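Visitor: I would like to go through this model term by term. Please set each label against its rule.

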Amino acid sequence: MAMIDEILALKKERQATILAHNYQIPEVQDIADHVGDSLELSRVAAGLDSEVIIFCGVDFMAETAAILSPKKKVVQPAKGAWCPMAHMIKPEQLQDLKALHPEAAVVSYVNSTAEIKALSDICCTSANGVQVVASLPEKEVIFVPDRNLAAYVARHTDKKIIPWNGYCYVHDHLTTEQVKDARKEHPQAEVLVHPECRPEVIDMADFVYSTAGMGRHAKSSEATQFIIGTETGMIHRLKKENPNKQFYPLNKNAICQNMKKTDLEKVLSALKTLQPQVTVPEEIGRKAKIAIDNMLAVKV
Ligand code: 13P
Ligand code: SF4
């Protein structure tokens with residue numbers, strides 16, 4: 001049996017749902033039940049009936065699904081596919097920051113470990129950071145771990161944002177020079193960038209969106225050409241959904257190595273063995289769930 005047929009048959013047998021992030025390789029996106037950004041995938045994970053979730057993404061995403069559905073089996077096909085940014089702040093460092101700013105609310109970007117979420121009041125994603133901060137009564141907000149998303153949110157609020165110095169190496173490496181060159185090469189194109197980009201890159205963009213936001217914009221815009229300032233996996237989905245439009249990566253080397261660790265063989269093996277499973281210690285999961293549920297309650 002061809003591998004894809006085997007995956008689909010086993011998925012049915014196991015009553016599993018396959019979730020895939022927008023940065024996954026095309027073959028994996030194409031066999032998934034849901035492809036989305038972090039916010040969409042957490043919403044889907046929170047509402048699923050299936051017993052088994054196969055999460056094609058990086059550690060914090062599978063962990064979030066496990067926190068939201070502690071009774072389900074959450075399997076991450078690529079063992080050790082992790083987000084380096086999520087590990088740039090340690091729980092002790094956040095504790096110290098909280099002690100320095102006792103009046104501040106703590107917002108953790110969902111790209112963080114379960115331990116960090118458990119120490120936070122609320123989570124956010126790149127799709128709802130501004131709305132999450134606006135929803136809080138506090139005037140000061142500790143925002144971890146992404147300095148660039150913190151700077152982006154700070155532009156859209158009067159509150160004092162206290163950032164952590166973490167960053168995503170994929171987005172932080174996108175440059176203003178690349179935007180200039182891409183605009184020269186494709187003068188008709190709109191420039192869409194992710195809020196994990198540096199502020200100076202954001203200044204040069206036409207629009208700033210989460211990956212799902214880019215998808216919605218590409219569909220509804222009258223423009224037919226787009227320069228995409230995020231991980232290159234996004235281009236597959238954009239092209240598939242908009243076959244008559246053109247998409248150019250801002251930098252064709254903007255590749256998240258960990259997102260590319262999942263392939264069809266690993267998905268098949270995950271369905272066969274239900275391993276490697278992602279679990280979160282009960283007490284940490286319980287506290288982290290409060291922060292994620294608080295985020296899911298914010299209207300976007
Ligand atoms: P999105 O939630 O926008 O898909 O971003 C997730 C991510 O890891 C960006 O690098
Ligand atoms: Fe983490 Fe960046 Fe990869 Fe997203 S693209 S998972 S933020 S390293």
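Visitor: How do the residues of the lining of the largest cavity divide into nonpolar, polar and charged?

Guide: This is a predicted model. The lining of its largest cavity has 14 nonpolar, nine polar and three charged residues. In total, 26 residues line that cavity. Y23, F60, N111, E196 and M259 lie nearest its centre.

Visitor: Which elements give two or more residues to the lining of the largest cavity?

Guide: They are helix 4 and helix 9 (169–172). Helix 9 gives the most, with three residues.

Visitor: What takes the space of the largest cavity?

Guide: Ligand 1 does. The space taken by ligand 2 is also the largest cavity. A molecule sits in a cavity if more than half of its atoms lie within 2 Å of the grid points, so each ligand passes that test here.

Visitor: Which residues are around ligand 1?

Guide: They are H21, Y23, D37, S38, N111, S126, H171, H194, E196, S210 and T211. By class, this shell has one nonpolar, eight polar and two charged residues.

Visitor: How do you know that H21 makes a polar contact with ligand 1?

Guide: A side-chain N or O atom of H21 is 2.6 Å from an oxygen atom of ligand 1. The cut-off is 3.5 Å, so the pair counts as a polar contact. H194 has such a pair at 2.7 Å. For S38 the distance is 2.9 Å. Both values are within 3.5 Å, so these pairs count too.

Visitor: How much of ligand 1 does the protein cover?

Guide: The protein covers 96% of the 300 Å² of accessible area that ligand 1 has on its own.

Visitor: Which residues are around ligand 2?

Guide: The shell consists of Y23, V58, C83, P84, M85, N111, C168, Y169, E196, C256 and M259. Nine of these are nonpolar, one is polar and one is charged.

Visitor: What lines the second largest cavity?

Guide: S38, L41, S42, A45, F55, F60, M61, T64, A65, L68 and V110 do. About 70 Å³ lies in this cavity. The lining divides into eight nonpolar, three polar and no charged residues. Helix 4 supplies the largest share, five residues. Helix 3 (38–47) supplies at least two.

Visitor: What makes a space a pocket and not a cavity?

Guide: A pocket is an open set of points, with protein on both sides within 12 Å along at least five of seven lines. The largest pocket has a volume of about 240 Å³. Of its 15 lining residues, A66, I67, P70, V280 and E282 are the closest to its centre. Helix 15 gives the most to this lining, with four residues. By class, the lining has six nonpolar, four polar and five charged residues.

Visitor: What is the volume of the second largest pocket?

Guide: About 200 Å³. It is lined by 14 residues, with S126, A127, Q131, Y152 and V208 nearest its centre. Seven of the lining residues are nonpolar, six polar and one charged.

Visitor: Which peptide bond is cis, with omega near -5°?

Guide: The bond from Q275 to P276. P276 lies in the loop between helix 14 (264–273) and helix 15. A cis bond also joins V144 and P145, with omega about -10°. Most peptide bonds are trans.

Visitor: What is the phi of Q15?

Guide: It is positive, about 55°, although Q15 is not a glycine. Q15 is found in the loop between helix 1 (3–14) and strand 1 (16–21). Most residues other than glycine have a negative phi.

Conventions: Residues are numbered from 1 along each chain as its sequence is written. Chains are lettered from A and ligands numbered from 1 in the order in which they are written. This is a predicted model: local features need pLDDT of at least 70, side-chain atom pairs count only at pLDDT 80 or more; totals for chains, interfaces and linings use all residues. Side-chain values use heavy atoms; hydrogens and water are left out. On a 1 Å grid over the protein atoms alone, a cavity is a set of points where a 1.4 Å probe fits but cannot get out, and a pocket is an open set with protein on both sides within 12 Å along at least five of seven lines; lining residues have an atom within 4 Å of a point. Grid points are joined across faces, edges and corners, and a volume is the space filled by probe spheres set on the points. Ala, Val, Leu, Ile, Met, Phe, Trp, Tyr, Cys and Pro count as nonpolar, Asp, Glu, Lys and Arg as charged, and the others, Gly among them, as polar. A residue is near a molecule or strand if one of its heavy atoms lies within 4 Å of it. A polar contact is a pair of N or O atoms within 3.5 Å; within protein, one must be able to donate a hydrogen and the other to accept it, and residues adjacent in sequence count only if both atoms are side-chain atoms. Accessible areas come from the Shrake-Rupley method with a 1.4 Å probe; for residues, only the protein chains shown count as cover.
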